[in-house]
Amino acid sequence: MALDNIRLEVMNTVEKQVDGFIKEYLIPVEDIWQPTDLLPNLQGENYMDEINQIREEAKELEYDFWVVLVADMVTEEALPTYESWLMDMEGVEQHGKSRGEENAWSKWVRHWTGEENRHGDTLNKYLYLSGRVNMREVEKTTQYLINDGFDIGTGRDPYRNFVYTSFQELATNISHKRVGQLAKKKGNKMLGKMCNIIAGDEMRHYMAYREFVKTIFEHDPSEMMLAFHDMMKKKIVMPAQFLRESGQGIAEAFENFSNAAQRLGVYTTYDYIEILEKLNGYWEIDKMRSLTDEAEKARDYLMKLPDRMRRIAGRMAIPEDQHTFKWVEANGRL
Ligand SMILES: [Fe+2]
Ligand SMILES: [Fe+2]
């Protein structure tokens, strides 16, 4: 589906601000943390003590916790899917020189990917060293998830994609932060710090993507509103929507993972609703004027949606049965 010229025009106009967004919301390679800063230094003298510390501390964490940490890590590791998806958006041109210079949107996507790549890397190494999960099964899940891709309902539309990324970056901020808090509560200092620092990256990314949308709202309010409405009406799906374990069909592991995350309180329906409220507030959709009739209706729908969802959420029960995953063997239960 080709987008009408206005969308492309808006993308080209906003592109001039993207270098500024990169400076404001991303951190140069030489200044940003790297996974090794948070993990045992295997070139140092005390590396065995540090590894033993990870393994000892890891014994305190419960079954659901490992399931969620694995799935969070696998979600991060499926980054090739997200990069190629965003690179394919209308208005992003990775083939070098448009108008005599590098396309700033593709630069954003690459630099964002570079930052994100450190997340899966960090958690993968931690899980490997913890000795608490079956890494081979986890690795198979990662490969399956990359093979399976995703379908987030945005098409190549940048407006819909930026709603999605705004939403998801905040969702990952919340879930990494909560996992870090749980780890810290059980005395896992290293893991607590890792998750917290990753959550900080997600927050910066969230702030960037919500700014992209805010800027687009200034240029094309009605179409931006309709795109936001469309995404929320369809519901924001998780990037790991197709998660599976070896031997399973596509997406079969997702629900059990999501139930574990809800049981732990790492990411719940109420978080989803609060994210929506935050986006409604930040974009000030209640104050937006000169919308088309259709966009007015979309805005009304979005304003009422949080309350409507809250009424439904109160009636939903989270299954208590823990599913046994191949990633975390039953004898790993405490
Ligand atoms: Fe991430
Ligand atoms: Fe992210």
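Reader: How many aromatic pairs does a search of the whole structure find?

Author: This is a predicted model, in which local features need pLDDT of at least 70 and side-chain atom pairs pLDDT 80 or more, while totals for chains, interfaces and linings use all residues. Residues are numbered from 1 along each chain as written, chains are lettered from A and ligands numbered from 1 in written order, and side-chain values use heavy atoms, without hydrogens and water. Rings of Phe, Tyr and Trp (its six-membered ring) pair if their centres lie within 6.5 Å; planes under 30 degrees apart are stacked, over 60 edge-to-face, the rest tilted. The search of the whole structure gives 20 aromatic pairs.

Reader: What is the angle between the planes of Phe21 and Phe212?

Author: The two rings lie 5.1 Å apart, centre to centre. Their pair is tilted, with the planes at 50 degrees.

Reader: How many residues apart are Phe21 and Phe212?

Author: Helices are DSSP runs (H or I, at least four residues), as are strands (E, at least two), numbered from the N terminus. Phe21 sits in helix α1 (residues 5-25) and Phe212 in helix α9 (residues 189-219). The pair therefore links distant parts of the chain, 191 residues apart.

Reader: Are Phe21 and Phe212 buried or exposed?

Author: The scale is relative accessible area: under 20% is buried, over 50% exposed, partly exposed in between (1.4 Å probe, protein chains only). On it, Phe21 and Phe212 are both buried.

Reader: Why does the pair of Phe162 and Tyr209 count as tilted?

Author: The ring centres are 6.0 Å apart. The planes stand at 35 degrees, so the pair is tilted.

Reader: Which helices does the pair of Phe162 and Tyr209 tie together?

Author: Phe162 is buried, at 1% relative accessible area. Tyr209 is buried too, at 1%. The two are 47 residues apart in sequence, and they lie in helix α8 (residues 158-185) and helix α9.

Reader: Over which ring does the charged end of Arg118 sit?

Author: A charge sits over a ring if NZ of Lys or CZ of Arg is within 6 Å of the ring centre and within 35 degrees of the ring normal. Arg7 lies over the face of Tyr159, at 4.1 Å from the ring centre. For Arg118, the distance is 4.0 Å and the ring is that of Trp33.

Reader: Why are α4 and α7 oblique to each other?

Author: Axes are lines fitted to C-alpha atoms, for helices over the stretch in contact, with angles from 0 to 180 degrees between N-to-C directions. Under 35 degrees is roughly parallel, over 145 roughly antiparallel, 65 to 115 roughly perpendicular, and the rest oblique. Helix α4 (residues 63-77) and helix α7 (residues 135-148) have axes 9 Å apart. They pack at about 40 degrees, and are therefore oblique.

Reader: At what angle do α8 and α10 pack?

Author: The axes of α8 and helix α10 (residues 221-234) are 9 Å apart. The helices are oblique to each other. The angle is about 55 degrees.

Reader: Which residues does Phe257 touch, leaving out those up to four places away in sequence?

Author: Phe257 lies in helix α11 (residues 254-264). At 9% relative accessibility, Phe257 is buried. With contact taken as heavy atoms within 4.5 Å, Phe257 touches Val67, Val68, Ala71, Asp72, Leu243 and Phe325.
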